[in-house]
Structures are given as structure tokens and as C-alpha cells.
Amino acid sequence: MYDSENGNLLSANSGEYPVVDGNEVYFSGKAITGAKIQPGKKAETLWKANVSATNDLIRAGDDLYAADSSGITALRLVAGSPPVVKWRYPLDKNVVRLLAANGRLIAVTGDGAILVFGDSPVSKPMVFPRQKPRILKSTAKAGRIVRNTGVREGYGLLLGGDISLIEGLLATTSLNLIVYDKDSARIKSLREYFDRAGVPAERAGFLHFGRELPLLPKYFSSLTIVSDLTCTGSGNSSIPEELLSAARPYDGKIIIMAKGKEKEEALKRFSSAGFEDFTVAEGKDYCLFARTGPLKGSSTWTHNYGNIANTVKSDDELVKAPLGILWFGGSSNLDVLPRHGHGPGEQVIDGRLIIQGINSLSARDVYTGRVLWKREFKRLMDDSWLVYYDESYDEENPLDPKYNQVHMPGANARGTNFIATKEYVYLIEGNRCNLIDIKTGETARVFETGDDSTKELGYIGVYDDLLILGNNFAEYNGMENDSIRLKNPLFTDYNLTASRELLAMDRFTGKMLWRMNANHGFIHNSVIAGDGKLFCLDKLPQYLETKLRRRGDEPPVGSRLLYHDARTGNIIHQETKDVFGTWLGYSAEHQLLLQATRPSRDMLNGEEGKRMIAYDVVTKNKIWDKEIKYANPPILHNDKIYTNGEAFHLLSGDPLMEKDPVTGEELKWSFKREYGCGIVSASEHLLSFRSASAGFVNLESMEGTGSLGGWKAGCSTNLIAADGVLNSPDYTRTCQCPYQNQTSLALIHMPWMAYWTNSNYTWNGSPVQKLGLNFNAPGDRVSSDNVLWLEYPFTAGTPPGIPVKMDTTGFRKFRKEPFMISSEETPWVSASALEGIRSLEVTLTKEVTVPEAFFTIRLYFAEPENKKPGERVFDIFLQDRKVSAGFDIAGEAGQSGREVIKTYHGIPAGKTLKLDLQPLKGNTLICGIEILRETPLSTIETDK
């Protein structure tokens, strides 16, 4: 329970799902508890009633209504005493929601039934049976469109309420249709017609629009049909651009039903919208725009770490901050592995997201969340058992409050068992590899090794037209009596981490191309490829080597780092010295091979990040070899290596340095991450990870960690930037964490959205070069001109250590959404404000003696209330000099909610900068102050 005035925590465990009525609070649960908020804002328990309200609890009038899986209970509230049960209505349906209105109690059950209760009995309740749908008829018009476009499923958008076309599409396709029409009477009649026909709402929705088409989500429409050209507007209307933006990448179609001059005009208008990723075709009475390829700048995510080079990075350039929701909901987490088992992360290619369940594999539409197909496999459950989940998982009660599914290394150690490509999903099932058609989910072929000794396939990877498989798992003995193993056996089982043999097949025909046996085991996290070469480590797991050396023994001979010709399997080069770790990554851009370990939470014992070695694969020479402490699989991001909180130069191994955003001095690049047991992954512009909720780091500026609050990212890698979308399938099965939303969702770049970060910046005391203080902001942010704006007062994260003194009178805080502020560049600065500041003093340096310098000061204002000109007027002083007299925010802006920036040059300051606001009428108010050291020195200019 929190104080609504200031957000301070009052109680960490007040009760379940409260019903609040003034100072009275009723908590639901297995029993109902009544409490009263006392003057000290503490909840004092008044009574407890042993009535179950595990599903819902509401108050209406003087009564409480409680629901659980057995029925509904009504209780009359009695002042000073526990409530009295008025009546109970048993049900064999599970009541999940209650509401009261117009003298009726309405209950909604889990199967979608609605029950209505009144204040007087009836002889027989009215029953509204589900309407039996009538058979819809196919039509020639719909058939012709389906033949010309080839689209039969997904979401369809129809402009123009042609009833025969709608009926034909519903009859002959599985499209879910959204129909727009300008005639409100036609919309009404269409709703009634298809309602009588028994068409469910998810199959067809009918919406009216006036002059402009309502805003459409991007990328959702598989088929857009324009049967009424007037719906596309005329002249400079943006509707053609909106329809093109709404088309799904890879196979979205827009068909415009027109002929003659109307068709020519439509072709001209749609073609001039500036979209290069559409092809155009014409027929006698139509023109067809097809979006057949990917979004320009998007990229894929295949393999467990992005690609077979283990870069842990997508090359997607479209996903960047700020982000907004493209869609949410879709399928639940029932077709996903339990989260603490760390199953393989999702893979994304050609608009499809592939994800594994306990005994299934499914494909989802990246752009809508729609389930495209799901397949179950007989042996997949056996393959996943004790690898991606174990007996701690209770399939019957995945949300039981007991702890469910213990932490396991899972795919962190074993690796993935499936790979997605444009044509197939390659899935290991026991001793065979299934080729699953990625479009349909049907099994196209099955590959086997042809070796009777093959019990299980281990590693799997795809490189160009090669399928690389690991044949049988390597077994590492000598762990049975190990003290660490006895203490935590799950994290010392190395027998699934490597394969005894590697083999390569033609991935389309299954023809065996080459095979190679290991001396010890080809460690799965080290089998990678690039530039025609396949690299791997053949050695003991790191812990076993460390254990031997700790006992004074040398590891057995035969450890090696191998360079193979990927097509022939021939060894090009091998390293036998300084062979350590369990991880390889390859940068094709720099032709550099990185040898490291894979340290992270929930990883096998011994995977400590202490060292990295980089090799030039052309010369085979070692470029650098350094003792580096790190966590996370090393992310190869162009010329940098990112880890969990730190970064290094790829070509030297030196720490990555950045400019201190406030002082301009050299500063080691870093970011802070809150709790989370998944790994950090990357795209071109972002690092993404779980940081309590979902989090990210914007690599374009040094502004700290951003939070995408409201839902929990999974413990496996499930914040993947690919296909122009940040994908987050619900990987929280068995999770009891109290996040507001448990859902799958996808986000895309939305430039107009607000976002905030936790910079965790700490000032070193050197002279301030540039700084912004954003009054009452919910976080930090860097502006487009690279000024770090810190929230003030400082409330979250690491205090920046910049002393600020503030005197106030009539102090109040204001905060609005940035989109409510009219501003060219910084609506997020002027969306929050402090009222009543009389004096503000900012320390500019901690140095004892400092020469006076000159600064440019910008003050940011926006009127948050409906103040008229003349109602809020004050003088502005900087360094005790009046720089603006009689400043009137509303008068200068012309309206409330419009930003006004006052700029003053040549303001002299030494150790501190002082701002004074003196009210003339009403109270003072300010949104932000920006401090910029000038070079060269300036002449004082005021009121600019």
C-alpha cells in the first residue's frame, strides 16, 4: 500500500486485491478482511469474515459480493461488527468477475457465460442460447479477390461495406475482418445482419469513420481491400500511406477495386506514398500492391545467440528507443517451457516467431501475435525432461503459490534443440532431426545419421546450406563424489554440454558431407561458423579443468581450438596452447575469433568470466589476451564487446570509455541492471534484458537503463529485436511474481512516445559543463543535443551527488503525459513542474577555488493548469540579477500546456548557480533548468 500523495510505501503486505471505499478497505482472498485507514495512513484491521473471495470482491451499497469457484456470496455490512451473510448462490461454473449496476448484480464465468441477479424472484430465468450460425455463401467477387491475392488467413481490412464481398470472404477464408464505411446506417445494418447470421465478433468488426480513417496499427493487415475509393480520401489525404503502413511485411497485400481513370488515379496516389518495399500488379478491374519482403533495416534472430556466429546480437536497425506497444495478448504461456528451466529462447525469421513448449513447437505472427501453427512431438517431452524442466514443475497447478520449477542451467549449458530458417524449423527429437515447414508446421523430411550407435543428437546449427549436428553427448566422469556436485547436482552436470562427434549434412537433402570425432567433447556453446569456417573447442568443461589444476594435476592432453573448412570438415588450423573456457564468438566484420567463458546467473559451476582471448582468423595470430572480469555471454557488437554492465573494445580488449555527460571527462562506460536471471542481448541500437521488469539501454546516448514497466520479461532470452519488432512472448509459466500484466507483446519504435531512464550517474565534483534538472520528472533522459537531464528532486536509483538547495512556499508538484505538452523538442521536460520555488542553488564544482566562468541558462516552463494570462506572474533572477520582469507563462505561451523556453547568455558563476523566482501574482512555477558552460566567454544577454 502506497501513499497516493507522495508514492511512499506504507505497507508491504496489506492484503489481496483491495476494494477501497473512502477510508474503508476490504481485502479479498480465502477470507475477507475489513480495515480502516487511520490518520497515520496505517490500515487497522476491524474484522475478518471466513467467506471465500478468491476470484472477485466488490461493494455495492451496503453489501459486499464475493465470488470463488463454488459460487457467489452476498454479505450485509454492519457498523462496528463483521458482516452478515445475506445469501449464497452455489454454481458449478467458475465465477471470475462481478459488477453491479441499475439494481442488478452481474456475474461473468470462466466459460464466457453471463448471469444477472435482481432484487425480486422470477418463476424462470431468461436464457439466451448461443445462436446457431447460418451457412454463409461464397460469392464470385470474394473468390476473384482470393485468387488474385492468394491470402486466406490473418487479419483483413475492408474499406467499403460490400455485404456480398464480406459474406464471401467469411465463407471462403479464415480471415478476421475489420470493415470501415462512411455510412453509419450501413454499419448498423451490417452489424445486425452478421449478428443474426451468428458470426462471432472476432471474425468481423464494423466501424464507422468520417473524414479521416482512424489510426491503424502498423503491419497487421494480411489483406486490405478497397472496394469504395471514396474511403481513401482525395488530394493530400494520408490514407494511402496509412494503408500501406498497415500492410504486413513478407506477404501483406492491398487490392484496390477500380478500373479506368479511377484505377489510374489510385495507382498514382498509392505509388507516390514513398514506400519502396511494395510491388505493383494490375488487372482489368483492380490494382494490387504486395509487400513481399522484410522491412528495410530489419534483421533476423536464429540460433540461441542470434546466429551461428554467437554474436548475441541482431543486426536490426529499426528497433530503438522510444518504444511503444504494437500488440499485446495473443497466446498464453501454456505452450512455453517453465521459465526457471531456461529453455531455448525464441527465434524470429520472416515474420514468424518460433518457440518451444514442453512437448510442442509453435509459430506466432511477429506482427499480430496470432498463432500460425502448433505441433506436438512424441519424444520432445523426454528430451526436455531434466534438461529444460524437472519434477519441481507441477503441470496441474502451475500458478500454485508454492515454489514451482527450480532454477536449472537448461539451454544456457545444453544449448538449443531447434533452429529456424526461411524454409524449415530444424528440430532435434531423440536421434533424428525433423525438418518442419516453417509456413505450415508440417513435417517435410526427417534426417538421421545412418549410424546405429546414435542415441541422441546434441548440438544443432545451420550455416548457409549446411546442417551441423552433434552426435551423442560427451560424458564426463569423476563428479560423483564431488562436494559441489553433492551440494547442487543440477549445476555440476556437464554431460549435456558437449557432443562426441560433429557431422555436417546438406540441409536440404540430408547428404552426409563430413564427420569428426572429439578428443574430449565439442562444447556446444563453442561450435560456431563464419566466412566459410567452422570453429569449435574440443576440451573438458571449465570446472573440471579448474578442479584438476586445484589438485595440482594438469588437464589431459588433446584440448584444442579448431578451425575447420565448413564444407569439407578439414582442419585448417588448431590452437593447443591457452585453450580455456567454453565459449567462442566470431566477428565477420573484423574476421576476429573471441575465446571466453559463458558466465551468467543459472549457469554451470565454473563458468566464471575472468579472461578473454582474441584471434585474427586470417593470420591465426593472437591479437590480445587479457584478464577481464565479466558476466554474460560476450556480445559482439560491431567493434565493441558488451557484457552485463560493462563494455570493451573488440580490437584491443581495453575498457570502453565515454565522455562524462556532465563534466566532459573520460569515464568508463557502464550501466546498472536490477535483478533478473536472463542474459543481456543486443540489436543495433539497444541492449535488452530483464531488470526486474523489462529493461533496455539505448546505445545511441549515455543515459542509463530504461524500464519497460508493467510486465515481466522471462528468465530465458525473450526480449529479442528482430523483424523490426522487439518481441516478448510470455515466458513466465509457473511465475508467481506480482507484475501487473502477464502477457505476450511486441514493441516498435514510436518517436513520439515518452520514456525515462535511471542514469545511475554519480558526479565526480569536476566543473559542470552541461546539465539539465527536470523538475518532478519520473526519471532521467538525454536530450537530442546530448544534455543529461536528471530528475529533481532525486528519488530513484543512485543519487547523482550534485548538491541542490531549494527554498519553497506553497510547494506543489505537477506531472502530465508529454504528449499533452506542445513543444518542438522537449515536451518531456515541460510535462512536469514544481510550484512554489523561491530559490534554487546548484553546486557547479567541488573544487576549493575556481575561476568564474560564463554560462548559458535555459529555463523551461509550461502552464499545467487552466491559468489565464495575468494569473501567474513572477520575476526571474539569476545570480541575484533580474533577467526577466513580470514573466507570465500563460501570457507568453498563449495557452496552457505550451512550452516556453527562456534563454540567458553570459551568466557568470563560480562554485554555485543561483536562481530566484519572486511572485507578483499567483505562485511561481518552473519545469526545468539547463546549464551550459560557454566557450568562449560571452557578454551577458537577458530575457531571450
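Q: This is a predicted model, so what makes the second largest cavity a cavity, and what is its volume?

A: The second largest cavity has a volume of about 100 Å³. A 1.4 Å probe fits in a cavity but cannot get out, so that is why the word applies here.

Q: Which residues lie closest to the centre of the second largest cavity?

A: They are His342, Asn412, Arg598, Ser716 and Thr717, out of 17 lining residues. By class, that lining splits into six nonpolar, nine polar and two charged residues.

Q: What is the volume of the largest cavity, and how many cavities of 30 Å³ or more are there?

A: The count comes to seven cavities of 30 Å³ or more, and the largest has a volume of about 150 Å³.

Q: Which residues sit around the largest cavity?

A: It has 16 lining residues, and the closest to its centre are Asn310, Thr416, Tyr459, Ile460 and His524. Strand E28 (residues 457-463) gives the largest share of that lining, with three residues. In the lining of the largest cavity, six residues are nonpolar, nine polar and one charged.

Q: What makes the largest pocket a pocket, and how much space lies in it?

A: About 1700 Å³ of space lies in the largest pocket. A pocket is an open set of points with protein on both sides, whereas a probe in a cavity cannot get out, so the two words are kept apart.

Q: Where does the lining of the largest pocket come from?

A: At least three residues come from each of domain 1 (18-117) and domain 3 (323-749). Strands E1 (16-21), E2 (24-28) and E5 (56-60) each supply at least two, and E1 has the largest share with four. Of the 42 lining residues, Gly15, Glu16, Tyr17, Pro18 and Pro738 lie nearest the centre of the pocket.

Q: How do you know that helix H2 and helix H3 pack, and at what angle?

A: Contact means heavy atoms within 4.5 Å. Helix H2 (residues 163-172) and helix H3 (residues 184-196) pack at about 35 degrees, with axes 12 Å apart. The contact is made by Ile163, Ile166, Glu167 and Leu170 of H2, together with Leu190, Tyr193 and Phe194 of H3.

Q: Which class do the residues in the contact of H2 with H3 belong to?

A: Six are nonpolar, none polar and one charged.

Terms used
Residues numbered from 1 in each chain as written. Predicted model: local features only at pLDDT ≥ 70, side-chain atom pairs only at ≥ 80, totals over all residues. Heavy atoms only, no water. Axes fitted to C-alpha atoms, helices over the stretch in contact; angles between N-to-C directions. Nonpolar A, V, L, I, M, F, W, Y, C, P; charged D, E, K, R; others polar. 1 Å grid on protein atoms, 1.4 Å probe; cavity = no way out; pocket = protein on both sides within 12 Å on 5 of 7 lines; lining within 4 Å. Points joined across faces, edges and corners; volume = space filled by probe spheres on them. Domains from an automatic or database assignment.
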